[in-house]
Amino acid sequence: MEKRIIAAQKEFNLRKFFFQWEWMLVLILIIINIINASLSPYYLNFKSIIDATMTFLDKAFIVLPMAFVIILGDIDISVASTVALSSVVMAVSYNNLGLPMELAMVICLVVGTLCGLINGLLITKFKELSAVIVTLSTMIIYRGIAYIILEDQASGKFPQWFSYLGWGYVGGIPFILIVFAIFAVIFGLLLHKTTFGRRVYAMGNNITASRFSGVQVDKIKTVIFTLAGFMSGVTALFLTSKMGSTRPNVATGYELDVIAMVVLGGVSTSGGKGRIIGTILSIFVIGLLRYGLGLKNVPAQMLLIIIGLLLVIAVMIPNIKINTGKAHKLHKTKA
Amino acid sequence: MSEYVLELKSISKSFPGVKALDNVQFNLKSGEIHALVGENGAGKSTFIKIITGVHHQDEGEIYLNGQQVEIRDPNEAQKMGIAAIYQHVTCYPDLSVTENIFMGHEKIKRFSKRILWEEMHSEAKKLLDNLGADIDPRSQMGALSVAQQQIVEIAKALSLNAKIIIMDEPTAALTKKESEELYRITEQLRDNGASIIFISHRLEDMYRLASRVSVLRDGKYIGTWNVNEISKEDLIVAMVGREITQLFPKKEAKIGEELLRIEGLGKTGFFADISFTLHKGEILGLTGLIGAGRSEVCQAIFGIMPYDKGKVYLEGKEVKINNPLDAMKLGIGYLPEDRQKQGLVLQWEISKNITLSTLDKLCNKGWLNASREAEVAKELSEKVNVKANSVFDTVSSLSGGNQQKVIVAKLLNADLKVIILDEPTKGVDVGAKSAIHEIMSDLACQGYGIIMISSEMPEVLGMSDRIIVMREGRITAVFDREDATQEAILEAAMVNRAERELAGVR
Amino acid sequence: MSEIVLEKKLKVTGISKFRELGLLVFIILLSVLVQLRNPNFLTLENINDMIKNTAILSILTVGMMLVIVTRGIDLSIGSTLALSGMVSALTVSANMNLHPLLAILLGTVIGTACGCIVGFLVSKARILPIIATLGMMNVYRGLTFMISGGKWVSAHQMPASFKAIATSSILGINVLIFIAILIYIIFYYFINHTRTGRQIYAVGSNPEAATISGINTVKVLWMVYTIMGALAGLAGVLWVSKFASAQGDTAMGYEMDVIAACVLGGVNIAGGSGKISGIILGSLLLGILNNALPLINVSPFWQEAIQGVIILVAVIVNALVKRNVDRKNLMRRKI
C-alpha cells in the first residue's frame, strides 16, 4: 500500500487572508472616521479619538466574554442586570454599610461573578431549559433585587479617587483604555491560544462530539457564564465611576449593544465561529459611530434604532451565506 | 392489469463511497404480506425510502399497478396510496391521536372551514376500533406507549386509504404481547385488501406473518421465496450469504492478563445484568441487533450515560467513571457509532480533530502548540493512511472511510489500554474497511484490549477472539472464536429466548 | 399500588389538566391568604379593577402563547405596544373628533406592520427569534421616542371619546374586558377549530414532520409573529386610553409579564403545547399578584424580582415534571 505524505505546513493564501470579515470592519471603521472628521474639524487628531473611547468602552468589557457565550451557540441577556446589581451592591456596601471602597469594589466583582455562576449552574443542571429562558428570568431577578435594595434612589458620594477609573489618564492614555486593552489581550489569548479556547470552539461546532472527546462541556459552559458575570462586574466598576452615582435602572439595554457588537464582529449566532479581533473592531465601529452621531447632535433614540437595525442586519448577512453553505453541505451528506 | 400492485425493477442508488442498492428487484402481490429481510446495512432502509419518495433512485423503474411512476417526494407517495410506518415514529407528541391521524387531510366544513372534530374523533375511534385497539382518540400522542403510537400510525395510513403499507421494524421496540397484537392487526389489514411490506430483524415475525420473503444483502437482491419453502437455516445463509470471502488481517496476538471486568452492569430501561471480561491483546466482538443495548453498555463504561447498577474493574481495581474524561484518563477510549455527530467536528481541519481529546498532552500548561499539533497529526494520519493532502484539510471534505481513520488516529493519540470501537466499518468503503481491520489487529498485538461492536457477521467472526451476543438489553450468548458460527450468533441475536429453550427441550 | 393508580390517572387526564388544577388551587389559596391580610382585596370594586388590569395582559398573552408554541419568543411587544399607542394618541390629539374605533384600527394596523417585520426576520431571514426581536424591540422603542419628540401625550390632549374606550361598557361589561373576552373566543376557535390554527401546533411540536405533512412552516411562523404584533398594537391603544397618557417608555419591560403569564399558564417553552384555559389562569394569577402585592404591603420594588422568580420556578418545575414522566416511562420498559 502506498504511503501518502501529508503536509503539515500551512500555506499562506493571500486571497483567503483578505477575504475576511475583519477587513470589512476595518473599512467601515475608516469610513466612520472620515465622516466623523468631516463633521467636526477637531475630530481627527489622536487625542480626540483616544478620548472618544472613554465614552463607550465601559460596556466593551462584557463584549469579550459574550463572544465566548455566542461562540458556544448560547446567549446571555442578563448581563445588563448583572451590571446594575453589582453596581448597586457596591454603592450600598460603601455608603450604607460603611465598608471601605476597596472592599466594596471587590464585592462588586464578587456579586457579578456570582450572578454569572448562577446562570451557568442553572443552564448546565437543567439542560431542558435554554440559555434564553434562564438568562431571561435571571435578568428580571437580578434587576429586581437591585430595585429591592435601592428602590428608586440613587447612591453616589464615592471617594474622589474612584472617579479615576472612568476618567483618569495614564501617560496621556485613558486608564479605561489600558484596562480594556489588557483584558482584550487576555481574552484573545484565552480564545485563540489555549486549550480552553480550542474546546470552546469545539463545543460551539459540535457539542456531542466534544463530549465524546472528553471535553468537560458542563464545566466549560459554567466557567464562561461565570466569566460573563465577572466582566459585568468590571463594567459596573467603570460605569459607576464614570457616572459618579448609581441607580437600579443603570445600564438598561446594554445587552443589546453588547450582543450587537459581538454579532457585528463576525461571531455567528449559530455558534462555533468568530474571533476576538473582530469583536474588538466592532466595539470601535459602534462606539465611534455613536460618538460621531453625538457630534452631529443626533438624538439618543435614533441610536437605539440604528443599533437595533445593525444587529438585525449583521445577523442577516452571514445567514444568507450560511444558508447556501448549509444547502451545499446537506446535499453532500445526503447524496 | 399486472399481477403485482408494486413492482421495482433494477433499482440502483449510490451515496458517496457506498453503493447502497445495486440492481435490486422487488414485487408485491395484491393482498400479501411480504417480508423484506437482511442484515444491518443490507440496504433495506434505502430501499423503502425510495418507495416512499424520500430518496430517488439513480437507475431503475417503479411500476404501480402496472403503470410506470415517478415518486418524487413523500407527498406524492402518499397520494399514490403508499404509506410507511417507521420504527421511530414521526409523530406530533403534543397533539391528540385524532390530529396525528388526520394531519394534512383534516375534515373541514366546506364553507366555514371549521374542523369537524366530532366527525374526526368518531372516525378515528372507528379506525382504531377496527384495529382492535382501545385508544382514546382524544388522548395526547406523547402519552401513549410506542406500540400504541405505531397503531395510531397504522390508523393514519388507513385514513389515507393506503393500499401499500410499509412497516419498518415495527416490532423492534415492542414486547412479546404487543408484537402479538401487531401481528393480528397486520393480518387484518391484509384481509381487508392492503398489501404489506414487512421489514424485520426477527425471524419469528417473518414466519408468523409473511407469505413471501425477499432477501437483500450488501445492497444486492438475493432472492424471493415462499416462506413455507425455505427453512430458517437456509434463510440465514441467504442473509449472511458469502462464505467469508474477505480475508481478515487477523494476527495472532498474545492474550495477556485481565484488563477490564464488568460485573452486573445495569441501567433502567436500557440494559441489565451485563458481565464480561476483556484481556490484553484480545478483540472482543459485541454483536446483536440494533437496539439490543450494545452501544448503551459501552457508553456507560465510557461515562457518557451513567449506569445505575453494577461494578467496573480496570486491571483489578474498581473504578468509578463519571464522564468521558475520567474514562480517558483511566485509559478507556471510545469510537462512536455516528462519526459525523459524535465523532468529529466536521467543520474543522484534520489536525484539530485528531488532537481534540488529547489537547492536554500536546500543550504547554494550557497553551496551544500549533506546530507540535500539526506534527503529531501528520504522523498519526500517515500511520493510519488518511487520504488527504494536508492535515489542514477540513474533515467534511473526506470520504466516510477517511473520516473514520481520522477518529481512529484521534484514539491512537491518547494513552489508552482499552479501545471500544462502535461499528468501526459502518458505511466505509472496502479499502478503508480492511485498513481499519489491519489497524485493529496491530493494536491488539501491541497489547491493547479491544471491544468491537459490530452488526456485520463476517467482521465479528473474522476479527474477534471472543464474541458476546446481546438481545433486548441482556447477554444471550458468549462464544469462543473456534465455536462461533454465523448461524449460532444470529440465532442468539434474533430468536426469543423462551422459544429457544422450548426448542431445546423438544 | 397507589403509584400505578396515579400513573393511570396521569395518563388519562394528562399532565396539563393536573397543572391547571394546581394553578387554580394556588390562585384560590393566594386569594384567601391575601383576603385574610387585607379585607379590601375581594371587594367587587377591587376585583373589577383587577380584571380590567389583567385584560390587556391577557390579550398579549394569547399572541405570546402562539409565538412560544412555535418554539420562538417575542421581546419586541412592549415596544410595539408603545409605538402603536403613541401613534394613535398623537393622531387623536391632532384630530379631536376622530372616531375611537378608527383609533383602535390605526393602532392595530401599526402593530400588525411591526409584527409582520419581525415575522419576516424570523421566518424568511431565519434569524433567531431572540436576536430579531431584541433588535426590533429597540428599533420600535427608538421610533416611539422619535415621533413623540420625547414628549408625553397627556390626558388633556386626548378627546374624551378616546379615553372613554377604557371606561365605557358594552352589555354591562367594561370594554377592555369585553375585548379580551372577544379575543379569547376568537382565538379559542382559531387554534382549536381551524386547520391553520392546528398547524401552529404541528410546527411547534415537530417542525420536520410538519414540513413532510406539507405545512408551509415559513407562512405559519410569519403569521404567528404578525398576529402577535396586531394584538400588541390593539393593546397599545387600550393601554393609552386606560392610563390616559402615552409616553416614550410606555410598557417598557412588559414583555416579561406576558412571558411570565404564558409560562405560568403551562405553555411549554420548548414549543408544541399551550392552552387557552391555561393562559387565562396564568394571566389571572399574574394579575392577582400585581394587584395583591401592594395590598399586603409588599413594596412595589419587590414585584419585578418576584416575577422573575416565578418564571424561573415555573420553568424548572415543568422540567422536573417532565423528567419524572420520562423516568417512569423507562421504568415501564422491561428488560
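Predicted model: local features only at pLDDT ≥ 70, side-chain atom pairs only at ≥ 80, totals over all residues.
Residues are numbered from 1 along each chain as its sequence is written, and chains are lettered from A and ligands numbered from 1 in the order in which they are written. Over all chains the structure holds 31 salt bridges, a salt bridge being a side-chain nitrogen of Lys or Arg within 4 Å of a carboxyl oxygen of Asp or Glu.

**Confidence in chain A**

- The mean pLDDT of chain A is 86, and 93% of the residues score at least 70; pLDDT is the predictor's confidence in each residue, from 0 to 100.
- Within chain A, helix H5 (residues 101-125) has the highest confidence, at 96, and helix H14 (residues 300-334) the lowest, at a mean of 63. Helices (H or I, at least four residues) and strands (E, at least two) are DSSP runs, numbered from the N terminus.
- Residues 322-335 of chain A have a pLDDT below 50, and this stretch makes 13 contacts in the model beyond near neighbours in sequence. Contact means heavy atoms within 4.5 Å.

**Interfaces**

- Between chain A and chain C, 38 residues of chain A are in contact with 37 residues of chain C.
- About 3500 Å² is buried between chain A and chain C, and carbon and sulfur atoms give 83% of it. Buried area is the accessible area (1.4 Å probe) that two parts lose on being put together, summed over both.
- One salt bridge is found across the interface of chain A and chain C. Glu128(A) and Arg323(C) meet in a salt bridge at 2.5 Å, N to O.
- Between chain B and chain A, 48 residues of chain B are in contact with 34 residues of chain A.
- The area buried between chain B and chain A is about 3600 Å², with 57% of it on carbon and sulfur atoms. Leu368(B), Glu382(B) and Asn385(B) supply 14% of the area that chain B buries against chain A, more than any other three residues.
- Chain B and chain A have two salt bridges between them. Arg199(A) and Asp360(B) form a salt bridge at 3.3 Å, N to O.

- In strand E3 (residues 33-37) of chain B, five of five residues are buried. Buried means under 20% relative accessible area, exposed over 50%, and partly exposed in between (1.4 Å probe, protein chains only).
- Ile33(B), Ala35(B) and Val37(B) lie on one side of E3(B), and His34(B) and Leu36(B) on the other.
- E3(B) pairs in the parallel sense with strand E8 (residues 195-199) of chain B over four bridges, and Ile33(B) has Ile196(B) as its bridge partner there. Two strands pair if DSSP finds at least two bridges between them.
- E3(B) also pairs in the parallel sense with strand E9 (residues 212-217) of chain B, over four bridges; His34(B) has Arg212(B) as its bridge partner.
- E9(B) has six of its six residues buried. Arg212(B), Ser214(B) and Leu216(B) point one way, and Val213(B), Val215(B) and Arg217(B) the other.
- E9(B) and strand E10 (residues 220-226) of chain B run antiparallel, joined by six bridges; Ser214(B) stands opposite Thr224(B).
- The hairpin of E9(B) and E10(B) has two residues between the strands, and Asp218(B) takes a positive phi near 50 degrees.

**Helix H12 of chain C**

- The 20 residues of helix H12 (residues 276-295) of chain C should span 28 Å at 1.5 Å a residue, which agrees with the 29 Å between its end C-alpha atoms. The expected span is 1.5 Å times one less than the number of residues.
- In H12(C), 14 of 20 residues are buried.

**His55 of chain B**

- His55(B) is found in the loop between helix H1 (44-51) and strand E4 (59-64) of chain B.
- His55(B) is buried because its relative accessible area is 14%.
- Not counting residues up to four places away in sequence, His55(B) touches Lys13(B), Phe15(B), Thr46(B), Lys49(B) and Ile50(B).

**Salt bridges within a chain**

- Glu181(B) and Arg184(B) form a salt bridge, with the closest N and O atoms 2.8 Å apart. Both residues lie in helix H6 (residues 176-191) of chain B, three residues apart, about one turn of the helix.
- Glu315(B) and Lys417(B) form a salt bridge at 3.7 Å, N to O, and these residues are 102 residues apart in the chain.
- Lys59(A), Asp257(A) and Arg290(A) are linked in a network of salt bridges.

Methods. Heavy atoms only, no water.
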